[in-house]
Amino acid sequence: MAAEINPNHQSACHQNIIELVDVSFAYQQKPVLEHVNFSIQERDFVGLIGSNGAGKTTLLRMIVGLLKPESGMIKLFGEPIGQFRDWHRIGYVPQKNAFNPLFPATVREVVLSGLYGRSKLFRRISKADQQKCEEALHAMNIEDLAGKRIGQLSGGQQQRAFLARALINNPALLILDEPTVGIDVETQEGFFHLIKHMHQHHNITFLMVSHDIDMIRSYIGEKPKSECGKLKFFVKHSHDLEDCVETNLAHGLWGLRQLIENEKVGAAGWKS
Ligand SMILES: Nc1ncnc2c1ncn2[C@@H]1O[C@H](COP(=O)(O)OP(=O)(O)OP(=O)(O)O)[C@@H](O)[C@H]1O
């Protein structure tokens, strides 16, 4: 018997997660981005490539609400960004040099800070929050580093801590700004395995700026889907369009590490 096709399934799976419509931005009247148009659908993996100063970080900062476009419109999960409140659905790992290594926080505190969002900076930490933190630490295989000062860790360990921070809310969208800068090649490979796995099996949509062009192109292909000024958007969807129903949507952080270890790309691949 032919499989029953749910006519709504495809649209539900492929809804727009980010829409950029004619977005422009300037720093002190100096234009950086002009008329950027692009949409990212659920379960896309988007690699954003561009030369130094092309405006990649600026674009990501607009998408996470830290900068306002001069003109144009940004929608997140179908809502105009000004009305968007579900920030817990988005995990953001900024560029490494945005972090002050002298900041006196432990890894656990850094990971927990991913829960606080914009409005709840000084709330009490509940048992449920602690549990989420332990799960994120476990998923990234850094439980043993939880009490260490973040500034004392190696580059690869810091990246895992920041990824755990971005993952603590079980986000639907992960935005990563050059996540492998300053990390050795072996650790980078482990990191790419991890995010590929998260893309393919955990229903997470990715927007990633990267200079590791070879590694990223091996996953997302040679040809950009779209170009806008100096920005190039490479896109890979997590599955064939007709295969939505088959995809395993179960994704808990606890299971993530287990699955990765089963694929033998876990701890050893990106210890540093
Ligand atoms: N706060 C700022 N004030 C003024 N100009 C800025 C500011 N931040 C960035 N710029 C300028 O805007 C342009 C785009 O910067 P952005 O950091 O977005 O580029 P990028 O593509 O991420 O570059 P890179 O690959 O070097 O990280 C650059 O010319 C930069 O000098």
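Trainee: Which residue of strand 5 stands opposite K75?

Mentor: K75 has P80 opposite it in strand 5. Bear in mind that this is a predicted model.

Trainee: Why are strand 2 and strand 5 called edge strands?

Mentor: Start with the sheet: four strands form an open sheet in the order 2-1-4-5, with antiparallel pairing. Strand 2 (30-41) and strand 5 (79-80) each pair on one side only, and they are the edge strands.

Trainee: How do you know that strand 3 and strand 10 pair?

Mentor: By the bridges again. Strand 3 (residues 44-49) and strand 10 (residues 231-237) have six bridges in the antiparallel sense, and the criterion for a pair is at least two. In one of these positions, V46 has V235 of strand 10 as its bridge partner.

Trainee: What lies between strand 9 and strand 10 in their hairpin?

Mentor: Two residues separate strand 9 from strand 10 in the hairpin, and G229 in the turn has a positive phi of about 60 degrees. Strand 9 (residues 226-228) pairs with strand 10 in the antiparallel sense over three bridges, and C228 stands opposite L231 of strand 10.

Trainee: Why are helix 3 and helix 5 called roughly parallel?

Mentor: The axes of helix 3 (residues 107-116) and helix 5 (residues 155-167) cross at roughly 30 degrees and come within 6 Å. Angles under 35 degrees count as roughly parallel, and therefore helix 3 and helix 5 are roughly parallel to each other. Their crossing is right-handed.

Trainee: Which residues make that contact?

Mentor: Helix 3 contributes V107, V110, V111, S113 and G114, while helix 5 contributes A161, A164, R165 and A166. By class, six of the contact residues are nonpolar, two are polar and one is charged.

Trainee: How many residues of the shell are polar?

Mentor: Six are polar, with three nonpolar and one charged. Glycine counts as polar here, so G50, G53 and G55 belong to the polar class.

Methods. Residues are numbered from 1 along each chain as its sequence is written. This is a predicted model: local features need pLDDT of at least 70, side-chain atom pairs count only at pLDDT 80 or more; totals for chains, interfaces and linings use all residues. A residue is near a molecule or strand if its C-beta atom, placed from the backbone, lies within 6 Å of it. Axes are lines fitted to C-alpha atoms, for helices over the stretch in contact, and angles run from 0 to 180 degrees between N-to-C directions. Angles under 35 degrees count as roughly parallel, over 145 as roughly antiparallel, 65 to 115 as roughly perpendicular and the rest as oblique. A crossing is left-handed if the near helix is turned anticlockwise from the far one by less than a right angle, and right-handed if clockwise. Two residues are in contact if their C-beta atoms, placed from the backbone, lie within 7 Å.
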